[in-house]
Amino acid sequence: MIDELDVARLMRAEVEAAETPSAVVNVERAMTVGRRQRWYARSAGAALAVVAVVVGAVTVPGLVAPPDGSAPSAQPSSLNLFGALAPLEPYTGKVPSPDTSRIPAALETIDPTVQYVRFGWLPSGLASLQYQVGLLLSGPGVVLIGHAPDSPDGNSAAGVMVSLYPKGVTPPAPQVMGIDQRAPTVSTAPAPEVRGAAATFTLYDVDGTDRLSLRWQYAPDGWAAVDVSPWAAGQDAREIALHVAQKLRFSTTERVRTPAQVTGVPQRLRLIYTTVNGPLTPEGWRWYAGVTYSAEPATADPGRQRAKMVDVGFSPYVEMTDKIRAELKGKELFRPPNTTVDGHQASFYSAADDPNSSETLEVLDVRGMVVEIDAHRGTLDEPGTKGLFQHLDLAEAKPDWRPALTVD
């Protein structure tokens, strides 16, 4: 997930790119959302780390060990990509057979309702999963992430990331802390074919940490990448990347599963982004799902599209405890209730005298969930966020919901 520093940096870039900076971004709001999504996406990180120590690895049945027995070795390899930044060597390890699913043509547009990719295999030691599709901060795209618990060296970006790019877009180098800075390349090397296509390994130095990128074309002029930032000593990132890439399950018809259906949105708004994330194991309980609509046309600059938005988010309701506050470093997940909506405690905030402000509604403990709606002024019809809440389809909502990000 993006931490608060990253959110602030990226939001500043949004402001600088917009025509009217004061009107386009609520930086405080963006940081609050980023903090909450990060907390949910990391799942029960500390608890999962304890489980990994006790049982040897966090596992998902049918994912960690493929039936052909070709899982990457847990033994240290000759390429130690845990902070070593060593040049790439020729790869001589195993390459499993590929999954037969495919995307027949490079994506010309990215549909935020489609589950384009799911994991078919994952290495041990990951804690949570996340899927983002639509208009990302970097542009239209698809991202599927397996997060590792925060590593001992503080690398909260460790894990596995799959990226699909629209037609004609070449994968860029990873971004580092500077707004326009890209990570330097350490070395490149040929990779074995991925799903029948030529592939390349590239090793980057991302703020002093290794990140390996395996790239190939999922269709002519359509690029895909699997990035690996190792989270344990002795991992061969090349072997992990190859196994993940070969076992991905692609689709252009499967729909993203969410815990509730957003209905009642004005027809002038367009869905531009969907994100879902949740724990990788049954022991984890945190998840988040959200959709974003824009009042701007698809031809508008991405900064403008993200300026006049309606966000609807769902997450499990939790009673705030000292332990959770400690995890959040004393900050709150939700604003104090100041009203009720349909009998539920809620917080409602709106700056009526500011035409460029947002109206925010958080409704607590709705079928075990928190429902949050944030709308730029003028994007919704009267009665605003409260009216949209009353139109949501919550019939199937339940607090133990899980995203469908792996192959069953």
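The model is predicted, with local features requiring pLDDT of at least 70 and side-chain atom pairs counted only at pLDDT 80 or more, whereas totals for chains, interfaces and linings use all residues. Residues are numbered from 1 along each chain as its sequence is written, and side-chain values use heavy atoms, without hydrogens and water.

The structure contains 2 aromatic pairs, defined by centres of Phe, Tyr or Trp rings (the six-membered ring of Trp) within 6.5 Å, with planes under 30 degrees apart counted as stacked, over 60 as edge-to-face and the rest as tilted. The ring centres of Tyr91 and Phe201 are 6.1 Å apart and their planes stand at 65 degrees, so this pair is edge-to-face. Because Tyr91 lies in the loop between helix H4 (45-55) and strand S1 (117-118) and Phe201 in strand S6 (residues 197-206), the pair ties together parts 110 residues apart in sequence. Helices (H or I, at least four residues) and strands (E, at least two) are DSSP runs numbered from the N terminus.

Trp287 and Trp401 also form an edge-to-face pair, at 5.0 Å centre to centre and 70 degrees between the planes. Trp287 lies in the loop between strand S10 (270-279) and strand S11 (288-294), and Trp401 in the segment after helix H8 (384-391), 114 residues apart. Both Trp287 and Trp401 are buried.

Terms used: Buried means under 20% relative accessible area, exposed over 50%, partly exposed in between (1.4 Å probe, protein chains only).
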